[in-house]
Amino acid sequence: MSILQALNSYYDRMAARGEAEAPGWSREKFGWCLVIDADGQPVDVLDLHDTAGKKPAVTLRDVPAAVKRTVGIAPNTLWDKTNYVFGRTAGSGKRSAEEHAAFRVATLALIGDSADPGLLALRRFLEIWAPERFDALPFRLDMLDGNFLFRLQGDGQFLHDRPASRALVEAVAGDPTEAAFCLVTGVSASVARLHPTIKGVEGAQSSGAALVSFNLDAFESYGKSQGQNAPTSQAASFRYGAALNRLLDRGSTNRTRIGDATVTFWADTSKGEVAASAAEGMFSRFFTPPPLEDADEAAKLRAALEAVAKGRPMREVNPDLEDGTRFHILGLSPNAARLSIRFWLSDDFSVFAQRLAAHFADLEIAPSPWRGNPPAINQLLVKTTALMEKFENIPPQLAGEVTRAVLEGRAYPQSWLAAAVIRLRAGDDPLTGWHAAAIKAVLCRAERLSRRDPSTPEKGETPVSLDREHPSTAYQLGRLFAVLETAQRMALGKVNASIRDRYFGAASATPAGVFPLLLRGVQNHLGKLRKNGTGGWIEREIEDILDVVGVDLPRALPLAEQGRFAIGYYHQRKTQFAGRPDIAAELADDATNKDGEDL
């Protein structure tokens, strides 16, 4: 099923819930409504903003469909911005007079000889209005460039919602064109010359962007122009646009953002509305788990993920789910005045649920870096790839590749491994565990996908928790580095620059050039600890690791091995004091008293 066909079907679901706009209408943002009396005189301006949040927010209203504007002047029907309605704007206003004149002419032509009191009042308003009147009450300068509706004084509905207004709008809706075979519905119908404007994609133009468009001769063929190159009936075009805009609404629960991509998802109703809603709710919980600290809620989510990972029927996970429910996921990115499709995935819901469960299994590392629910993809990328852990610094292409890997069950991009290693070399704290978890996920998935039998782990694969006998030299060197750092800390306490600060990157990349120096230096630390009678376990740990590593240290480690180094370091540092609570407490007190560093 194509994207447009799936969205066209979703419109039926919206209509069944009473949420669908009628043909010729769209949902637009409004902050103000002008109240006029029967003589067309301005009486008041109603504030339509939602004041429930910290800042007033514009609200969405169903109005006659917005026109598509490029560089020309094109007024909307019975509503518009202040430059069209009043001839005033906060900008230079070079075209405001022309825009207002166009709105006046188009609206008067639409009203015609209507006897409706509301439309007659609007006619009189346009006949007597002068732009300079905007400088007087009830108008304010902060209203400039906002969308305005109209209401007749004493009437409880907006002017465009009056029966006479709706009849006029529906009478002129549509743009009759030559009939052609519709690629969405498969029937012959009048073709849409221009496809609908899509709003709600982060980073795209606030006025909306096109999902389907042909604005240059190079994009056209066989003498066809604009929408005729991808014939879509006007009805289907309206339906898919209305459905996608509703899915992308700010308050939509079927919408999230990953990197520069806005992701929306929905289920079809072949198994019923209840099953579709249950699938969407579960996918939302799996795909973007809320950062809950509630142990019970986190346990429920883990239990659901484990059941899915074991291949249990969906109804055992949630009684409202139905096996065979079709699920769709669409990722959109801004591209000037158009939208780029970052990915489009359509499959059985259970397939996506199993892939998400596998993703969280690949991320698992002990001890866990996070509390409660496992992290969402955004949170992972912010912690492991973004400079200063800022959302806007997530590499956009990497975000899309990681998301596709999660949802398609394929190998994670090596660029994620590279980004995590680079961040560690640049000074990110390896003890947070986020980098180690991401690196483990990349390595574990590559190992699993390369097995002959993916269900049976093989010896030597990247471990979840500390493995003292692991055969990887890089992993053991990471452990060794952690032990050497601990010896320095126990002997000297807090220092201005620890060996981690000075040598972590070099030790993970070129161990043969760094570890001999570190092993010579640790002898002084061990000598001091012997005098205090506290360093015996460290000497034994070093000896045990060197027995596994051998004397021939690698001159350089490839990227994957640098990742294993980081995992070994994390495992060792986080678990080396198991069974030694006295030493752990002493070092923790030292860290708290001197620098607050987590040991």
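Which residue forms a salt bridge with Asp249? The partner is Arg27. This is a predicted model.

**Salt bridges**
- Side chains of opposite charge can pair when their charged atoms come close.
- The count of salt bridges comes to 38.
- In the pair of Asp249 and Arg27, the closest N and O atoms are 3.4 Å apart.
- This pair links distant parts of the chain, 222 residues apart.
- Asp249 sits in the loop between α6 (234-247) and β11 (255-258), while Arg27 belongs to strand β1 (residues 25-30).

**Helices α14 and α19**
- Helix α14 spans residues 434-450, and helix α19 spans residues 559-575.
- Their axes come within 9 Å and cross at roughly 125 degrees, which makes α14 oblique to α19.
- The crossing of α14 past α19 is left-handed.
- On the α14 side, the contact involves Ala436, Ile439, Lys440, Leu443 and Glu447.
- On the α19 side, Ala560, Gly563, Arg564, Ala566, Ile567 and Tyr570 take part.
- By class, seven residues in this contact are nonpolar, one is polar and three are charged.

**Arg88**
- Arg88 lies in the loop between α2 (82-85) and α3 (96-111).
- Beyond its neighbours within four places in sequence, Arg88 is in contact with Thr82, Asn83, Ser96, Pro131, Glu132, Phe134, Asp135 and Leu144.
- The Arg88 side chain reaches the backbone oxygen of Pro131 at 3.3 Å.
- Asp428 is 340 residues from Arg88 along the chain, and the C-alpha atoms of the two are separated by 52 Å.

Technical notes
Residues are numbered from 1 along each chain as its sequence is written. This is a predicted model: local features need pLDDT of at least 70, side-chain atom pairs count only at pLDDT 80 or more; totals for chains, interfaces and linings use all residues. Side-chain values use heavy atoms; hydrogens and water are left out. Helices (H or I, at least four residues) and strands (E, at least two) are DSSP runs, numbered from the N terminus. Contact means heavy atoms within 4.5 Å. A polar contact is a pair of N or O atoms within 3.5 Å; within protein, one must be able to donate a hydrogen and the other to accept it, and residues adjacent in sequence count only if both atoms are side-chain atoms. Axes are lines fitted to C-alpha atoms, for helices over the stretch in contact, and angles run from 0 to 180 degrees between N-to-C directions. Angles under 35 degrees count as roughly parallel, over 145 as roughly antiparallel, 65 to 115 as roughly perpendicular and the rest as oblique. A crossing is left-handed if the near helix is turned anticlockwise from the far one by less than a right angle, and right-handed if clockwise. Ala, Val, Leu, Ile, Met, Phe, Trp, Tyr, Cys and Pro count as nonpolar, Asp, Glu, Lys and Arg as charged, and the others, Gly among them, as polar. A salt bridge is a side-chain nitrogen of Lys or Arg within 4 Å of a carboxyl oxygen of Asp or Glu.
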